[in-house]
Amino acid sequence: MKVSRRAFVGGAFAMGLAGCGGGGRSTLFGTDTHPADYPTVQAFRYFGDLVERRSGGRLRVKIFPSGQLGAERDTLEITSFGGLDFNRVNLAPLNSIEPLTTIFSLPFLFDSEAHLRRVLDGEPGERVLRSLAPHDMIGLCFYDSGARSFYNTRGPIERPADMHGMKIRVQNSDLYVAMIQGLGAAATPMDLSEVYQGLVQGVIDGAENNWPSYESGRHYEVAPYYSLTRHVMAPEVLLMSKVSWDNLNSADREIVMESARESVPYMRRLWDARVAAAQEALVADGVRVNEVDPRPFRRRMHPVWESFVTTDVQNDIMRAVLAMGDGNA
Ligand code: GTR
């Protein structure tokens, strides 16, 4: 179903305000850029089902998947003023809104998925979630997004020099523009929905993402070289509009928070299975995968870290993240 964004926003806003205060039934609306079978959407659904069951059917959650309501950056704006109740996005489009989200988005910050999960489940995760409230969004929980690697239409990337002259699509985040420039390539920020056509038409030569997104967007069909740089592990986040949150009574807020927390282990199981399945299917399909020595890529990221980690609070969180690395676990 295609929904006109303007009509939808007016509707959700009105229903949100009318629905939650009075104790009647209300439908809360959410959006996700991925299709219905993607792990983020499935976890979002699981969350919605828990909310509905625990509220005795008073609160229902309706999700619009597949980016039907627009690009992540635009839906964030809508969420912050209450036009959408829930939103599942990657951290990247939040970088320009809240500088603390930049920390978990830094290239080569995490040693492994285990390190990432310790951080998200620990105090640094809690602090980053809380930092969104002043921007009128309540951070409910993080979901995994695995490791992002580069893929392109031309050939294997083994060293940063292989990227010279390439145009690489990035998410809408200045950090990622700087990352690509630091590697000697040209960065083209665009929405995920435009990447396939961009690759076909040669507007871009490559992009970067995790296995499930590379598969789900069918980017492998046009960019069959997947080089395992594993340079970013920025997680996904499930958000609630603060306008909608303020309309809930404290018992319903508790239901929402608990349900979000409980959807995390569910998402992680789905995620691990999906990463393995996507990788296996794409290798069988003929995608050319190469291992990469990350060290020369990582070395070039020092100036990027320096220019994006500037405040005491950012430094504090970054130190806490590094102290939770695999070497100290
Ligand atoms: C995916 C992420 C999406 C979106 C996408 C992108 O890994 O799940 O939310 O941010 O990357 O590259 O635009």
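**Exercise 1.** Determine which side chain makes a polar contact with the side chain of asparagine 95, and classify asparagine 95 as buried or exposed.

*Solution.* Step 1: The side chain of asparagine 95 forms a polar contact of 3.1 Å with the side chain of threonine 101. A polar contact is a pair of N or O atoms within 3.5 Å; within protein, one atom must be able to donate a hydrogen and the other to accept it, and residues adjacent in sequence count only if both atoms are side-chain atoms. The model is predicted: local features need pLDDT of at least 70, side-chain atom pairs count only at pLDDT 80 or more, and totals for chains, interfaces and linings use all residues. Residues are numbered from 1 along each chain as its sequence is written, and side-chain values use heavy atoms, with hydrogens and water left out.

Step 1: Asparagine 95 is located in the loop between β3 (86-90) and α4 (101-105). Helices (H or I, at least four residues) and strands (E, at least two) are DSSP runs, numbered from the N terminus.

Step 2: Asparagine 95 is classed as buried because its relative accessible area is 10%. Buried means under 20% relative accessible area, exposed over 50%, and partly exposed in between (1.4 Å probe, protein chains only).

**Exercise 2.** Describe the location of glutamate 236 and state its side-chain contacts.

*Solution.* Step 1: Strand β10 (residues 236-241) contains glutamate 236.

Step 1: With a relative accessible area of 3%, glutamate 236 is therefore buried.

Step 2: The side chain of glutamate 236 has a polar contact of 2.6 Å with the side chain of serine 145, and another of 3.2 Å with the side chain of asparagine 90.

**Exercise 3.** Classify threonine 153 by its accessible area and give its location.

*Solution.* Step 1: The loop between β5 (148-152) and β6 (167-170) holds threonine 153.

Step 1: Threonine 153 has a relative accessible area of 29%, so this residue is partly exposed.
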